[in-house]
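Please look over the model below before reading the points that follow. They are meant to be checked directly against the coordinates.

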Amino acid sequence: MNFPSPQDSLSTSHDLGWTPIAEEAERAARVLHPDYQLPRPRRRRVLTVANQKGGVGKTTSAVNLAAGLALHGLKTLVIDLDPQGNASTALNVEHRSGTPSVYEMLLGEVSLVDAAAVSEQSPNLLCVPATIDLAGSEIELVSMQSREARLKEALSDHALDQLGVDYVFVDCPPSLGLLTVNALVAAREVLIPIQCEYYALEGLGQLLSNIELVQQHLNRELSVSTILLTMYDGRTKLADQVTQEVRRHFGEVVLKTVIPRSVKVSEAPGYGQTVLAYDPGSRGAMSYLDAAREVAERGAAENQEGRG
Ligand SMILES: Nc1ncnc2c1ncn2[C@@H]1O[C@H](COP(=O)(O)OP(=O)(O)OP(=O)(O)O)[C@@H](O)[C@H]1O
Ligand SMILES: [Mg+2]
């Protein structure tokens with residue numbers, strides 16, 4: 001199928017010699033292109049979106065990457081594992097106290113199929129919401145049997161097969177407590193969003209050593225497969241310095257696409273939408289689609305190499 005070739009999402013109307021409106025329309029057409037299908041991974045991918053630093057773009061990245069994949073043919077599930085319920089809000093999924101949610105799922109009271117709701121954004125995009133009931137769970141989990149593996153048990157192959165999902169994103173809270181440990185045990189891959197700001201790399205060492213501990217003791221298959229640079233502000237030298245440092249340190253794992261700081265991205269959750277639905281012609285939407293395509297292409301490349 002003839003889809004316009006990927007372009008640098010940070011290109012400007014100036015280089016293209018277009019008006020901003022034409023450029024925006026072109027982006028919207030690419031974001032919403034109905035025939036553009038992303039490649040399916042050979043086997044289902046479960047990615048935990050983690051960084052104990054708050055406000056770095058975990059939730060924004062989880063929901064917008066998921067929307068990018070779902071809009072282009074891949075069935076995608078977002079697990080909201082944060083009592084703040086931000087992913088549920090962004091996907092406009094019911095999350096009042098008492099709604100079947102990730103909390104009941106961790107307790108083993110409801111199944112994944114019963115807790116997963118279809119979002120309005122796309123029939124391919126599902127979400128297990130988080131209600132405020134999850135707030136006490138870090139403490140409640142402590143005394144439970146197999147307290148680190150409750151999410152893994154709920155996300156069994158059988159349950160995920162029933163939903164028929166290709167991708168799962170687990171949106172973690174900003175801590176390294178038991179909820180995040182559950183997410184690290186349930187996934188094979190970690191996606192770390194890093195904000196292009198001065199303190200961005202602070203605390204990363206602690207996150208990586210926790211991931212290593214989980215690898216050693218609880219989940220041998222776990223690896224940091226993806227790093228996404230977010231909230232890039234092209235006007236500052238600092239953003240470039242952080243980008244270069246992260247690329248030097250982490251190499252290939254870092255996605256080529258960088259998410260720019262954009263007002264549209266921050267406005268979208270207020271309307272219960274991802275930025276792809278809220279303003280498909282915005283740079284934020286385009287860059288999340290570009291990032292989703294990179295994620296999908298990596299999944300498909302693993303397919304060719306027989307890895308998964
Ligand atoms: N690319 C962006 N441009 C502008 N604002 C952004 C962008 N990405 C995220 N934001 C805003 O920054 C804030 C933090 O983002 P987000 O909630 O995704 O981070 P988080 O890591 O999930 O936070 P928490 O640690 O609280 O869960 C939100 O208000 C969000 O709308
Ligand atoms: Mg969040």
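1. R27 is found in helix 2, which covers residues 20–32; helices here are DSSP runs of H or I with at least four residues, and strands are runs of E with at least two, numbered from the N terminus. This is a predicted model, in which local features need pLDDT of at least 70 and side-chain atom pairs count only at pLDDT 80 or more, while totals for chains, interfaces and linings use all residues. Residues are numbered from 1 along each chain as its sequence is written, and chains are lettered from A and ligands numbered from 1 in the order in which they are written.

2. R27 counts as buried because it has 23 C-beta neighbours inside 10 Å, the cut-offs being 20 or more other C-beta atoms within 10 Å for buried, 12 or fewer for exposed, and partly exposed in between, with C-beta atoms placed from the backbone. Leaving aside residues up to four places away in sequence, R27 touches G281, A285 and M286, where contact requires C-beta atoms, placed from the backbone, within 7 Å.

3. Around ligand 1 there are 20 residues, of which K58, T59, T60, P174 and S266 come nearest; a residue is near if its C-beta atom, placed from the backbone, lies within 6 Å. Two or more residues each are given to this shell by helix 3 (58–71), strand 7 (223–232) and helix 13 (263–267), and helix 3 gives the most, with three residues.

4. The mean pLDDT of the protein is 91, and 92% of its residues reach 70 or more, pLDDT being the predictor's confidence in each residue, from 0 to 100. Over residues 1–14, however, the pLDDT is below 50, although this stretch has 19 contacts in the model beyond near neighbours in sequence.

Notes: Contact = placed C-beta atoms within 7 Å.
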